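Hi,

Here is the model I promised to pass on.

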Number of protein chains: 2
Amino acid sequence: MASLKQFEPASGTRDFLAAEYETRERAFATIRSVFARYGFQPLQTPAFERLDVLTGKYGDEGDKLIFKILRRGEHEATGEADLALRYDLTVPLARAAAAYGSQLPSPYKRYAIAPVWRADRPGKGRFREFVQCDLDIVGSSSPLSDAEIVLALHDALDALRVPEFRFLINSRHALFGLLEAYEVPEDLGAGALITLDKLDKLTPDAVVSELVASRGLASGMAEGLVEDLTSQDCVERIRARLKSSETGQVGLAEVDQLLALTKGAIPADRTVFTPSLVRGLDYYTGIIFEVTAPGMPGSIASGGRYDTLISRLGGKDASACGGSLGIERILPLLQQAESDSYAQVDVAVTVMDQDFSSETFRLAAEIRRSGVRTGVYLGTSGKFAKQMKWANEQGARFCVIYGAAERDAGTVTLRDMATGDQDQVPFDQAPEELARRCAPSS
Amino acid sequence: MASLKQFEPASGTRDFLAAEYETRERAFATIRSVFARYGFQPLQTPAFERLDVLTGKYGDEGDKLIFKILRRGEHEATGEADLALRYDLTVPLARAAAAYGSQLPSPYKRYAIAPVWRADRPGKGRFREFVQCDLDIVGSSSPLSDAEIVLALHDALDALRVPEFRFLINSRHALFGLLEAYEVPEDLGAGALITLDKLDKLTPDAVVSELVASRGLASGMAEGLVEDLTSQDCVERIRARLKSSETGQVGLAEVDQLLALTKGAIPADRTVFTPSLVRGLDYYTGIIFEVTAPGMPGSIASGGRYDTLISRLGGKDASACGGSLGIERILPLLQQAESDSYAQVDVAVTVMDQDFSSETFRLAAEIRRSGVRTGVYLGTSGKFAKQMKWANEQGARFCVIYGAAERDAGTVTLRDMATGDQDQVPFDQAPEELARRCAPSS
């Protein structure tokens with residue numbers, strides 16, 4: 001007998017048995033229904049794209065993590081790849097928006113809940129196959145779009161019953177304005193932002209040191225920036241600072257408009273202007289946000305406006321904004337509340353006598369037609385105890401017994417699996433009676 | 001501007017926009033609900049497996065069609081593959097059954113509706129990414145299992161409203177018995193069956209020629225076989241012939257038992273003993289079946305018993321049977337009945353004045369909370385006609401107008417998009433009123 005190891009799924013991937021599968025699908029269904037309520041529509045793209053569609057879109061580090069597919073047939077021996085598994089859902093969106101532009105509504109509001117693949121080193125909570133859950137609006141520069149993304153994500157998290165989450169909100173313009181206000185030289189800006197992004201992980205002193213040593217900022221400049229961003233009255237200080245920069249004022253206006261638009265629709269304490277929020281990806285051009293929740297390190301959702309990305313990806317020039325739920329980080333928290341058991345059937349039909357199997361089978365068909373999940377014993381044992389054990393393992397609430405005595409009486413015996421109580425009902429009325437007993441309200 | 005060609009999905013794959021996506025998902029949901037009613041449970045395995053799990057399982061021709069994934073990092077330059085996209089759902093089932101055996105119910109009744117990938121030459125109705133829809137019972141040798149597979153597929157096709165389909169039923173034992181009855185030498189049997197499988201495509205004469213020329217059968221033997229299999233009273237003739245072979249009798253008993261078990265549960269004319277049915281795959285060991293429907297060439301579903309496959313795939317020795325819906329062949333037929341249009345929202349909220357956008361937004365949030373799919377105009381035009389055009393494109397049934405006049409009166413205007421009728425309702429009552437008007441029963 002081979003070891004179990006050889007039957008495990010490939011490194012970094014998972015099999016989902018019934019209970020976990022259903023828990024995940026329930027969460028996806030909840031999210032889909034919220035997104036649909038906002039008028040987002042689904043888009044499904046293939047698992048793989050032509051290699052050239054993907055390469056050069058994710059930076060050098062990202063490119064290394066793309067799963068490439070070997071050419072086939074006579075070309076296989078070249079060792080070259082011509083296709084690749086999708087790395088995210090944004091590049092396929094850009095390709096589809098370019099391909100079907102005229103057939104799509106404008107703006108195009110789409111969602112996608114689908115697996116992506118990255119050749120990352122597998123680790124706790126880090127997989128090579130994982131589901132992304134994206135929603136985007138392509139073709140609208142309106143600040144209402146940014147607000148709609150935030151509201152839809154909010155409602156989805158709310159519907160999933162994620163507790164006490166908050167949207168941290170900033171704008172790339174506010175960040176660039178901040179650098180301007182502190183007179184950081186333009187060519188040092190991008191590097192400085194990467195380091196400032198670490199304020200939630202490193203001590204303020206460590207960030208100052210890195211700004212000076214690695215990013216080339218003057219030490220007074222670095223100290224001033226970090227002190228303002230980590231002070232108690234950070235928001236007031238930064239607001240005041242940003243007034244001195246035109247870009248900063250634009251950023252502030254974006255943030256304030258988003259706060260105003262979402263006010264009333266969702267509780268005001270769910271959105272917080274967070275001047276130190278940077279977001280790693282450099283394709284954002286306006287509003288950026290992350291969602292945090294107590295007890296979960298890092299963010300559980302994020303997004304922002306990216307007005308130049310679609311054209312950089314090869315599509316036509318289009319404003320766009322979007323967001324993504326970190327669904328693989330959210331799901332494990334939700335699962336704790338769910339039962340891990342999976343009731344396979346509501347009614348288990350025993351086969352006490354193989355001679356009656358035809359009638360038993362027809363009875364099961366009738367019960368199913370009344371909408372009840374019904375299993376028939378498919379083993380070889382004629383022993384009552386063994387079939388009861390099977391019925392219990394299936395999670396059945398009721399068990400149907402049809403033997404010689406029942407046949408003679410024209411009845412079936414119904415056994416309540418929880419109490420062991422048994423009673424007789426006429427054969428023809430069993431389906432209806434079981435439907436009644438198994439109805440959700442009972 | 002680049003040509004559209006470059007934005008098409010990779011050869012043999014498809015993008016699914018909203019309308020088609022929803023049509024497909026509705027069909028999958030129908031099938032899932034039937035399978036669940038039979039007590040089958042879902043299993044989801046990863047898109048890719050270790051290469052050695054897949055190779056050698058599909059024959060030489062099949063192996064060539066496996067999409068192989070290049071090793072990553074420093075190993076990429078070797079041009080070697082270590083992973084591969086799944087080619088079907090059966091091998092992953094065998095792996096999972098081996099991996100989780102003790103955690104799974106016995107018998108293990110599982111379904112899977114998921115894409116598989118094959119590097120076939122793309123053509124009309126032939127894709128490189130397509131969905132398979134399988135259900136299998138592992139660990140039961142009972143004839144009730146074969147019958148349950150047939151019933152579940154029947155109910156799924158029925159629920160999908162596929163018209164007038166029929167199950168063609170045979171047994172591998174009947175086929176081997178037939179060869180015995182005609183005294184076909186044992187070593188010529190497998191080849192003879194491959195040729196007999198062509199009786200639905202070639203003329204009887206052509207099949208006889210191939211049996212003689214390519215398969216080495218004596219010409220009298222070949223003529224007798226083909227004449228019996230193509231005669232008007234084929235079933236009676238073959239039944240009589242099979243009585244002379246022990247294996248043939250076993251096969252006949254299997255077929256008759258299946259017909260008896262399904263009788264009553266489904267209309268009797270839905271199952272037909274078809275002695276010429278062969279099924280290409282050589283892993284079947286007992287009952288085999290195909291489903292045909294008028295107007296669709298070939299089969300729309302198929303399956304059978306395969307008691308040795310799981311152990312050949314590396315799992316423990318287990319009886320098994322299963323079936324598969326040819327869902328990609330069924331779906332195009334169902335789509336004709338469905339509307340191709342996709343109503344994105346029920347209610348379209350116009351933004352006639354950007355100054356009111358906050359209140360408009362809050363109103364939209366309230367309408368959504370009452371369960372109604374609601375979109376807000378995200379464009380930049382303040383023109384009424386333009387926003388009405390947008391509302392129509394969205395498929396909205398009602399449109400909400402909130403301008404200066406409405407604000408002063410504390411009302412909103414509701415416009416019925418089909419009739420153009422407009423009326424005023426108090427601002428606070430609009431969500432409830434729209435929920436009422438959009439309710440499915442209205």
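A:Arg118 touches A:Leu65, A:Phe67, A:Tyr87, A:Asp88, A:Phe127, A:Arg128, A:Phe130 and A:Gln132, leaving aside residues up to four places away in sequence (contact means heavy atoms within 4.5 Å). A:Arg118 sits in the loop between β5 (108–117) and β6 (129–138) of chain A; helices (H or I, at least four residues) and strands (E, at least two) are DSSP runs numbered from the N terminus.

Keep in mind that this is a predicted model: local features need pLDDT of at least 70, side-chain atom pairs count only at pLDDT 80 or more, and totals for chains, interfaces and linings use all residues. Residues are numbered from 1 along each chain as its sequence is written, chains are lettered from A and ligands numbered from 1 in the order written, and side-chain values use heavy atoms, with hydrogens and water left out.

The unreviewed UniProt entry has a "binding site" annotation that includes A:Leu89, A:Arg118 and A:Gln132; such annotations may be inferred rather than shown by experiment.

A:Leu89 is in the loop between β4 (81–85) and α4 (90–100) of chain A. At 5% relative accessibility A:Leu89 counts as buried (under 20% relative accessible area, with a 1.4 Å probe and protein chains only). Among the residues that A:Leu89 touches, not counting those up to four places away in sequence, are A:Arg110, A:Val116, A:Gln132 and A:Cys133.

Cheers

Note on methods. Buried means under 20% relative accessible area, exposed over 50%, partly exposed in between (1.4 Å probe, protein chains only).
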